[in-house]
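Me: I would like to go through a protein structure step by step. Could we begin with one of its helices and then move on to other parts?

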Amino acid sequence: MLTIALPKGRIAKLTLEKFEYAFEEKFEFQNRKLILKKAGFVFLNVRNQDVPTYVNYGSADLGVVGLDVLEEKNYDIVKLLDLGIGKCKLSIGLKNEDEFDYNSPLIKVATKHENIVRRYFEKKAMAVDIIKLYGSIELAPLVGLADCIVDIVETGDTMKENGLKIGDTIMKSSAFLITNKNSFTINKTQILKLVKLLDHDN
Ligand code: PRP
């Protein structure tokens, strides 16, 4: 039996739809249940940022997670398949009237993605003060908490509606099927079979 950690919400729903298509059965979490057992799989309903943790420690053999979340952790994880869902980009956001100054001696950046942001500006040899936030990142430049933000952009509506414009893109992201090396070694045949089944419409 393979255990698969799914991120709560839309990505879990879209992933389960892929299972429905592949196995011709209904896959759905009941009410507030966090575990779903179906067709020889155990699905765990976990927070987005926790998916790599369940997979890394082996409590889940597989997981579905955004590349941005995965890159933020320093786990030794195997990426099996780009599921082609949850497509977005991680971009700099600035107040409409501001311009991003790559020559500034110190920039205050608010973000959920502190490790990715640190690496990005280190490569550019820029000094940054990273302010870690957990949500509503777009607010930070509006109230002077930061000069700019680095956040997920999907439609661009959230930045636009908050008077921000999209600057440079740091990375593109989408949801990947992941595993840990141990589970992959032990369940290789079964996992590769699943990858093939889920890869139907990519
Ligand atoms: C993300 C991100 C933005 C928004 C961007 O938040 O932090 O606020 O989506 O989407 P848009 O470009 O389509 O407007 P999410 O909804 O994932 O919630 P979170 O902050 O709880 O992660």
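Me: Which residues of helix α4 are buried?

Reply: This is a predicted model. In helix α4, which spans residues 114-123, the buried residues are I116, V117, Y120 and F121. They cover an arc of only 120 degrees around the axis, which means that they sit on the same side of α4.

Me: And which residues are exposed on the other side of α4?

Reply: E122 and K123 are exposed there.

Me: What do the buried residues of α4 pack against?

Reply: Their partners are α3 (67-72) and the strands β6, β7, β8 (128-132), β9 (148-153) and β10 (164-173).

Me: Let us change topic. How is the protein divided into domains?

Reply: Domain 1 consists of 2-86 + 174-198, and domain 2 of 88-173. Nine residues from domain 1 and 12 residues from domain 2 take part in the contact. The C-alpha centres of the two domains lie 29 Å apart.

Me: How much area do domain 1 and domain 2 bury between them?

Reply: They bury about 860 Å², with 39% of it on carbon and sulfur atoms. On the side of domain 1, the residues that lose the most area to domain 2 are D68, E71 and E72, together 62% of what that side buries.

Me: How many salt bridges and polar contacts are there between domain 1 and domain 2?

Reply: There is one salt bridge across the interface, and the two domains have nine residue pairs in polar contact. Helix α3 supplies four residues, the largest share of the side of domain 1 that touches domain 2.

Me: How many salt bridges are found in the whole structure?

Reply: The search finds six. Side chains of opposite charge can pair when their charged atoms come close. One of the salt bridges joins E154 and R10, with the closest N and O atoms 3.1 Å apart. Another joins K26 and E20, at 3.6 Å from N to O. D76 and K181 also form a salt bridge, at 3.0 Å from N to O. D76 lies in the loop between α3 and β5 (77-82) and K181 in helix α7 (residues 181-186), so this pair links distant parts of the chain, 105 residues apart. K181 is partly exposed, with a relative accessible area of 47%.

Me: What about E99, which residue does it pair with in a salt bridge?

Reply: E99 pairs with K165, and their closest N and O atoms are 2.9 Å apart. Because E99 lies in the loop between β6 and β7 and K165 in strand β10, the pair ties together parts that are 66 residues apart in sequence. E99 is exposed, at 64% relative accessible area, whereas K165 is partly exposed, at 22%.

Me: Back to that loop: is S104 buried or exposed?

Reply: S104, in the loop between β6 (88-95) and β7 (107-111), has a relative accessibility of 18% and therefore counts as buried, since the cut-off for buried is under 20%. A polar atom of the S104 side chain lies 3.3 Å from the backbone oxygen of L106.

Me: One last residue. Where is N45, and what does N45 touch?

Reply: N45 is in strand β3 (residues 41-46) and counts as buried, at 16% relative accessibility. Leaving aside residues up to four places away in sequence, N45 touches L6, P7, K8, F29, K33 and L34.

Key: Residues numbered from 1 in each chain as written. Predicted model: local features only at pLDDT ≥ 70, side-chain atom pairs only at ≥ 80, totals over all residues. Heavy atoms only, no water. Helix = DSSP H or I, 4+ residues; strand = E, 2+ residues; numbered from the N terminus. Buried < 20%, exposed > 50% of the residue type's maximum accessible area, 1.4 Å probe, protein only. Polar contact = N/O pair within 3.5 Å; in protein donor to acceptor, adjacent residues only side chain to side chain. Arc of directions from axis to C-beta. Contact = heavy atoms within 4.5 Å. Domains from an automatic or database assignment. Buried area = accessible area lost by both parts, 1.4 Å probe. Salt bridge = Lys/Arg side-chain N within 4 Å of Asp/Glu carboxyl O.
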